[in-house]
Amino acid sequence: MNQAVDHDPQARAVVLAEIRRRRWLRRRDIALAVLTPVLALAIWQWAAQANAIDARVFPPPSRTLARAVDMITSGELPHDAAATLIRLLGGYLPAAVAGTMVGLAMGAWRPLGAALAPFFTALYALPKIAVLPLLLLIFGLGDTPRILAVAITVFFVTQINAQAAMRQLDPGALELARAYRVRGWRRLRLVVGPACLPQIFTGLRVAVGLGVVVAIAVEFVASDEGIGYLIWNSWQLFQPERMYVGLLAAALLGAGLTGIVSVCGWLAIPWQRIPAKSMPGSV
């Protein structure tokens with residue numbers, strides 16, 4: 001607190017009350033985030049045990065958890081999760097870099113944007129799973145088609161966000177940079193980069209979620225290992241516990257990777273760590 005607040009008891013009381021209110025809201029949000037899925041699982045467990053739902057299709061969470069422990073102990077689940085993660089990162093990392101660079105270039109140089117925008121728009125609208133047969137025809141049945149399917153998805157998402165970030169730069173900031181003769185690498189580091197980073201990381205978060213979806217989807221039809229193969233094979237053999245374990249693994253993989261990207265964004269954009277003032281009437 002500043003000296004003015006320290007010497008004004010009324011202002012100090014207002015500030016402390018606001019701090020307590022924000023702490024209470026944070027604790028309430030955490031409690032709701034934890035208790036909601038716990039309550040849903042408890043209701044599911046009760047409904048399955050009371051025969052309110054068909055336990056053959058909706059096995060109780062306790063049975064699914066026991067099956068997950070068995071699959072982890074046997075190494076089956078770690079093996080499938082590692083196979084999916086390797087394919088996902090193999091496509092995500094290079095495509096995210098390439099998509100961001102191409103998007104920034106298209107936003108900075110108008111002729112390049114005009115030349116590539118129609119082509120990229122048409123390719124982005126094409127379902128990525130529809131490209132898989134062509135990739136299999138060209139590259140065979142190895143991991144390359146699956147990695148490329150992920151890469152294509154990630155590339156266009158990051159390219160679109162990076163291009164939009166570049167085009168939405170504040171003209172006043174660019175004019176100020178020109179006035180102070182900030183050019184080249186210094187302009188990119190001091191002006192363009194900080195202004196574009198928030199939207200770039202938004203694209204990276206969206207892209208990693210879509211990458212998980214595509215990586216698992218291609219494993220349904222073109223793989224003999226991975227989380228997607230686990231889910232599809234469990235459905236074919238009517239093993240719902242294994243299928244739910246696969247679905248849970250997919251959800252945890254997506255949430256974990258999205259969290260990692262969010263933390264990277266938090267570290268890369270320190271000026272956004274300062275919480276904004278609560279809107280009036282927020283509860």
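**View 1. Surroundings of Thr100 in the predicted model.** A polar atom of the Thr100 side chain lies 2.8 Å from the backbone oxygen of Ala96, in a model that is predicted, with local features requiring pLDDT of at least 70, side-chain atom pairs counted only at pLDDT 80 or more, and totals for chains, interfaces and linings taken over all residues. Residues are numbered from 1 along each chain as its sequence is written, and side-chain values use heavy atoms, with hydrogens and water left out. Thr100 belongs to helix α4, residues 76-108 (helices are DSSP runs of H or I with at least four residues, strands are runs of E with at least two, and both are numbered from the N terminus). Thr100 counts as buried because its relative accessibility is 9% (buried means under 20% relative accessible area, with a 1.4 Å probe and protein chains only). When residues up to four places away in sequence are not counted, Thr100 touches Thr158, Ala162 and Ile200 (contact means heavy atoms within 4.5 Å).

**View 2. Packing of helix α4 on helix α5.** The axes of α4 and of helix α5, residues 110-125, are 6 Å apart and form an angle of about 125° (axes are lines fitted to C-alpha atoms, for helices over the stretch in contact, and angles run from 0 to 180 degrees between N-to-C directions). The two helices α4 and α5 are therefore oblique to each other (angles under 35 degrees count as roughly parallel, over 145 as roughly antiparallel, 65 to 115 as roughly perpendicular, and the rest as oblique). From α4, Val102, Ala105, Met106 and Ala108 meet Arg110, Leu112, Gly113, Leu116, Ala117 and Phe120 of α5. The residues of this contact comprise eight nonpolar, one polar and one charged (Ala, Val, Leu, Ile, Met, Phe, Trp, Tyr, Cys and Pro count as nonpolar, Asp, Glu, Lys and Arg as charged, and the others, Gly among them, as polar).

**View 3. Helices α10 and α11.** Helix α10, residues 227-236, and helix α11, residues 240-268, have axes that come within 8 Å and cross at roughly 155°, so α10 and α11 are roughly antiparallel to each other. On the α10 side the contact is made by Ile227, Leu230, Ile231, Asn233, Ser234 and Trp235, and on the α11 side by Arg242, Met243, Gly246, Leu247, Ala249, Ala250 and Leu253. The residues of the contact of α10 with α11 divide into nine nonpolar, three polar and one charged.

**View 4. The protein chain as context.** The protein chain holds 11 helices and zero strands, and buried residues make up 33% of its 283 residues.

Definitions and conventions
Buried < 20%, exposed > 50% of the residue type's maximum accessible area, 1.4 Å probe, protein only. Polar contact = N/O pair within 3.5 Å; in protein donor to acceptor, adjacent residues only side chain to side chain.
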